[in-house]
Amino acid sequence: MSTILLQGAPVAQAIYEKAAKVSASLAEKGVTPVVALVRVGENPADISYENSIKKNMAKGGVSAVTAAMAQSATTEQVLETIQTLNESPIVHGIMLFRPMPEQIDGEAIRHAIHPAKDVDGITDMSLGGVFTGSGIGYAPCTAQAVVEMLDYYGIELRGRSVAVLGRSLVIGRPVAMLLTQRDATVTLCHSRTPKLSEVTRKADIVITATGRARAYGAEYFAPHQTVIDVGINDDPATGKLCGDVDFGTVATKVSAITPVPGGVGSVTTSVLVSHVVQAAKKAAERQG
């Protein structure tokens, strides 16, 4: 049996191309999708990520602007910035660089973003939209990226059994809801799940999102399965990035698997771009 390697790059490219087409149609109406990046301080990692986001936003026809604030900024000052961006008719999405400095109430800032502009899917309103299927806000980007990967490679969800390892609000629980809405039967597993390997081996699709380097070896999987590894970890043995799955032993056993790096992670930013474009389109439609 030849294992299919589910690369993220072509999935991301397809999402960027679709977003760019929508952006082009909006440009004909005088609308440019805009995302505001809210950054407090001058953390080099944040600035590097900011530059990367701006480069990727351009692939989808999105303009990214930075709302930079001093390291000493207060919660009230950041809230004022968020409110200004919420009210701005030309800003369609808001993204926070987190964690913020310790003097700032990160939860208050997170909740202050209007769900229509919560393109990163971090507010309770957006998560509520995922769980109720109401369409309020946007799903967390990595959770949506998993669905995009499965769709791109034509992996059927309806009637399939899925084991999701990890129950975080960033990936585990929202991806379980997204897949349930697509008529999959989902088992949400966690650190207290008994006989975990028995559960995973019975599933058609296994999604790992626990943040534990190479924690799941061949004994957790069966030959017919599709494995989506969302984990991005530092491998203590090599110093390189690795997933939650022990790729070397699992890749030769299962039907299809995502690599790390080069899998789901490379799709996540393209989903963020897509969300901004969707938000701009909805705003244009509301304005007539």
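This is a predicted model: local features need pLDDT of at least 70, side-chain atom pairs count only at pLDDT 80 or more; totals for chains, interfaces and linings use all residues.
Student: OK, which backbone nitrogen does the side chain of Asn86 reach?
Tutor: That of His114, at 3.0 Å. Asn86 itself sits in helix H3, which covers residues 75-87.

Student: Is Asn86 buried or exposed?
Tutor: Asn86 counts as buried, because its relative accessibility is 15% and the cut-off for buried is under 20%.

Student: What is Asn86 in contact with, leaving aside its neighbours within four places in sequence?
Tutor: Ile94, Ala112, Ile113, His114 and Lys117.

Student: Why would nonpolar side chains be buried together?
Tutor: In soluble globular proteins they just tend to be.

Student: And what's Met57 in contact with, skipping neighbours within four places in sequence?
Tutor: Val35, Val62, Ala64, Leu272, Val273 and Val276.

Student: Now charges. How many salt bridges does the structure hold?
Tutor: Nine. One of them pairs Arg39 with Glu50, with the closest N and O atoms 2.5 Å apart. That pair links distant parts of the chain, since Arg39 is in strand E2 and Glu50 in helix H2, 11 residues apart.

Student: Are Arg39 and Glu50 buried or exposed?
Tutor: Arg39 counts as buried at 7% relative accessibility, and Glu50 counts as buried at 5%. They also belong to a network of salt bridges that links Arg39, Glu42, Glu50 and Lys54.

Student: Which residue forms a salt bridge with Arg110?
Tutor: Asp124, with the closest N and O atoms 3.1 Å apart. Arg110 is in helix H4 (residues 106-112) and Asp124 in helix H5 (residues 124-132), so this pair links distant parts of the chain, 14 residues apart. Arg110 counts as buried at 9% relative accessibility, whereas Asp124 counts as partly exposed at 44%.

Student: What about Asp235, which residue does it form a salt bridge with?
Tutor: Arg214, and the closest N and O atoms there are 3.0 Å apart. Asp235 is in the loop between strand E9 (233-234) and strand E10 (241-242), and Arg214 is in the loop between E7 and strand E8 (226-229), so the pair ties together parts that are 21 residues apart in sequence. Asp235 is buried, with a relative accessible area of 8%, but Arg214 is partly exposed, with 33%.

Student: Back to H5. Which residues of it are buried?
Tutor: Ser126, Leu127, Gly129 and Val130. They cover an arc of only 150° around the axis, so they're on the same side of H5. H7 is among what covers them. After H5 comes Gly133, whose phi is positive, near 70°.

Student: Last topic, the sheet. In what order do the six strands come?
Tutor: E1-E11-E8-E7-E5-E6, in an open sheet with parallel pairing. Strands E1 (4-5) and E6 (185-189) stand at the edges with a single partner strand each, so one side of each has no neighbour in the sheet.

Student: Which way do the residues of E8 point?
Tutor: Thr226 and Ile228 point one way, Val227 and Asp229 the other way, and all are buried.

Student: And how many bridges pair E7 and E8?
Tutor: Four, in the parallel sense, and Thr208 stands opposite Asp229 in E8. Two bridges join E8 to E11 (residues 256-257), also running parallel. There, Thr226 has Ala256 as its bridge partner, and Val227 stands opposite Ile257.

Notes: Residues are numbered from 1 along each chain as its sequence is written. Side-chain values use heavy atoms; hydrogens and water are left out. Contact means heavy atoms within 4.5 Å. A salt bridge is a side-chain nitrogen of Lys or Arg within 4 Å of a carboxyl oxygen of Asp or Glu. Buried means under 20% relative accessible area, exposed over 50%, partly exposed in between (1.4 Å probe, protein chains only). The arc is that of the directions from the helix axis to the C-beta atoms. Two strands pair if DSSP finds at least two bridges between them. A polar contact is a pair of N or O atoms within 3.5 Å; within protein, one must be able to donate a hydrogen and the other to accept it, and residues adjacent in sequence count only if both atoms are side-chain atoms.
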